[in-house]
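Subject: Structure for your files

Hello,

Below is the structure I promised to pass on. My notes on what was found in it follow directly after.

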Amino acid sequence: MTDHGNAGLIDVSDPLGALRCGRETAWLRPMVSDASGVTSSIPASEIDEAAHRLRRFAPVLAHLFADQRWDGQICSPLLDWPEKPGWMVKGDHDLPVTGSIKARGGVHALLHIIEQIAAAEGLAIDELASPFARTRLSCHRVIVASTGNLGFSIGIVARTFGLEAEIHMSLDAKSWKKDRLRALGARVVEHRCDYSETLSRARLAANFNKVWLIDDEHCRDLLTGYAAASDEVASQLVQRGVAVDADHPLIVYLPCGVGGAPGGITHGLKRRFGRNVITVFVEPVASPCMLVALASGRGAAATVYDYGCSNVTLADGLAVPQASQLVLDAVGGAIDAVVAVSDARMVQWVGRAWHDGRIRLEPSAASALAAFAPLQQALARQSGWPDLGQATHLFWATGGSKLPDEEFQALLEAAN
Ligand SMILES: *Cc1c(COP(=O)(O)O)cnc(C)c1O
């Protein structure tokens with residue numbers, strides 16, 4: 001496979017035109033502004049609350065998942081990329097139980113629902129692992145729509161608490177995730193349509209008593225759960241002695257589906273580091289929903305189909321045709337760049353991450369690394385941006401450690 005990064009230059013003058021031709025491209029904010037770009041629609045107190053909730057639940061999660069030797073904390077390591085000074089990887093691919101970043105936002109949103117059920121049923125959080133609590137929880141059902149990982153994560157944790165779980169999967173979802181959920185007693189509803197339509201259908205199924213919907217396009221709890229990760233990474237950077245200031249900016253590469261995960265993290269990081277952090281959202285060339293939202297100025301009204309894109313990609317975690325309005329309202333102005341990368345380049349980086357660092361990534365996660373070269377090209381032709389020569393590059397590895405061996409081997413073979 002050729003390295004497209006060294007081949008044809010990407011077109012940044014007309015990103016929407018490049019997408020119509022199925023080519024890699026980037027949209028850069030004309031100038032990185034002084035303002036953080038974060039609106040007050042999600043107050044910092046709500047993010048602190050999310051962090052507290054995750055801590056409150058850690059003991060009961062540790063109890064319920066004792067067989068997996070998990071302490072109940074949702075934390076991942078900050079890794080160095082071998083032999084590339086200034087390159088770091090945030091290891092969410094290795095998050096416990098779920099093996100993806102959904103353990104942050106998705107599991108947080110679920111825990112908030114469980115907290116409300118517990119209050120209504122008169123249960124304390126520390127008794128939620130008891131057989132009695134399980135019986136009470138089993139009268140409630142959680143519904144979620146997903147391209148795979150959100151449903152996988154919420155389904156596993158919901159079933160472990162004893163809740164009914166109804167997981168609506170779009171066409172993109174991999175069978176091993178559905179099989180695993182069914183084995184845990186979740187109801188998996190398969191839809192032969194894209195993610196946006198699957199979500200609309202899931203909403204219809206949720207209009208009943210004791211049924212709780214986690215709505216990826218409107219759920220603040222997802223966003224705040226992801227945002228809580230920014231405190232974790234900030235303290236890891238301090239521990240490592242990595243400075244983030246005007247002379248040493250931090251460039252964060254964030255794979256983007258509807259935008260909740262990258263949006264939440266952007267929210268937290270921009271609040272803390274302001275213009276010294278540069279946030280780069282990364283999408284597949286076939287599903288660039290955030291890119292079309294920002295480059296067209298049409299926001300969440302824009303779909304990738306409007307710009308000739310197919311929404312068919314190997315990166316199932318990112319196969320979303322329309323961005324979240326909630327995310328655009330909260331942090332749309334804080335997104336500094338969006339890079340659209342080809343599936344071929346993602347697969348190539350699945351291979352490199354494994355060979356260079358023994359890091360097991362799915363294509364969605366490898367997209368973060370795949371965005372490096374196209375971003376460099378785009379920056380070289382953009383004026384008005386600060387000098388990023390001394391920057392630290394932080395690639396957010398959003399998932400992959402739970403990929404079955406045969407799926408992973410097939411990716412490695414495709415990368416060769
Ligand atoms: C869900 C997901 C993302 C993106 O999250 P959104 O909230 O949909 O933007 C990125 N990578 C992986 C592996 C995911 O599962």
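Lys178 is buried, at a relative accessible area of 10% (buried means under 20% relative accessible area, exposed over 50%, partly exposed in between, with a 1.4 Å probe and protein chains only). Its side chain meets that of Glu190 in a salt bridge, 2.8 Å from N to O (a side-chain nitrogen of Lys or Arg within 4 Å of a carboxyl oxygen of Asp or Glu). The pair links distant parts of the chain, with Lys178 in helix α6 (residues 175-183) and Glu190, 12 residues away, in strand β6 (residues 187-190). Helices (H or I, at least four residues) and strands (E, at least two) are DSSP runs, numbered from the N terminus. Glu190 is partly exposed, with a relative accessible area of 47%.

Two notes on the source apply throughout. This is a predicted model, in which local features need pLDDT of at least 70 and side-chain atom pairs count only at pLDDT 80 or more, while totals for chains, interfaces and linings use all residues. Residues are numbered from 1 along each chain as its sequence is written, and side-chain values use heavy atoms, with hydrogens and water left out.

Other salt bridges

A search of the whole structure finds 24 salt bridges. Arg104 forms one with Asp92, where the closest N and O atoms are 2.8 Å apart. This pair also links distant parts of the chain: Arg104 belongs to helix α3 (residues 102-121), and Asp92 to the loop between β3 (87-91) and α3, 12 residues apart. Arg104 counts as buried at 3% relative accessibility, and Asp92 is buried at 0%.

Arg203 forms a salt bridge with Asp215, the closest N and O atoms lying 2.6 Å apart. Here Arg203 sits in helix α7 (residues 195-204) and Asp215 in the loop between β7 (211-214) and α8 (220-227), again distant parts of the chain, 12 residues apart. Arg203 is partly exposed, with a relative accessible area of 27%, whereas Asp215 is buried at 10%. Separately, Glu49, Arg53, Arg56 and Glu115 are linked in a network of salt bridges.

Ile143

Ile143 is in strand β4 (residues 141-146) and counts as buried, at 0% relative accessibility. Leaving aside neighbours within four places in sequence, Ile143 is in contact (heavy atoms within 4.5 Å) with Glu166, His168, Ala202, Ala205, Ala206, Val211, Trp212, Leu213 and Ile214. From Ile143 to Gln116 the separation is 27 residues in sequence and 15 Å in space, C-alpha to C-alpha.

Helix α9

Ser230 is in helix α9 (residues 229-239) and is buried, with a relative accessible area of 3%. The Ser230 side chain reaches the backbone oxygen of Ala227 at 2.7 Å. Beyond neighbours within four places in sequence, Ser230 is in contact with Ile265, Gly268 and Leu269. The buried residues of α9 include Ala229, Glu232, Val233 and Leu237. Gly241, with a positive phi near 70 degrees, follows α9.

Cavities

The count comes to 4 cavities of 30 Å³ or more. On a 1 Å grid over the protein atoms alone, a cavity is a set of points where a 1.4 Å probe fits but cannot get out, and lining residues have an atom within 4 Å of a point. Grid points are joined across faces, edges and corners, and a volume is the space filled by probe spheres set on the points.

The largest cavity has a volume of about 260 Å³. Its lining holds 24 residues, with Lys102, Gly257, Ala261, Gly317 and Leu318 nearest the centre. The elements that give two or more residues to this lining are α5 (149-161) and α10 (260-273); α10 gives the most, with 3 residues. The lining divides into 11 nonpolar, 10 polar and 3 charged residues (Ala, Val, Leu, Ile, Met, Phe, Trp, Tyr, Cys and Pro count as nonpolar, Asp, Glu, Lys and Arg as charged, and the others, Gly among them, as polar).

Positive phi

Val97 is not a glycine but has a positive phi of about 70 degrees. Val97 is found in the loop between β3 and α3 and counts as buried at 3% relative accessibility. Asn311, also a residue other than glycine, has a positive phi near 65 degrees. Asn311 lies in the loop between α11 (289-296) and α12 (325-331) and is buried, with a relative accessible area of 4%.

Regards

Notes: 1 Å grid on protein atoms, 1.4 Å probe; cavity = no way out; pocket = protein on both sides within 12 Å on 5 of 7 lines; lining within 4 Å. Polar contact = N/O pair within 3.5 Å; in protein donor to acceptor, adjacent residues only side chain to side chain.
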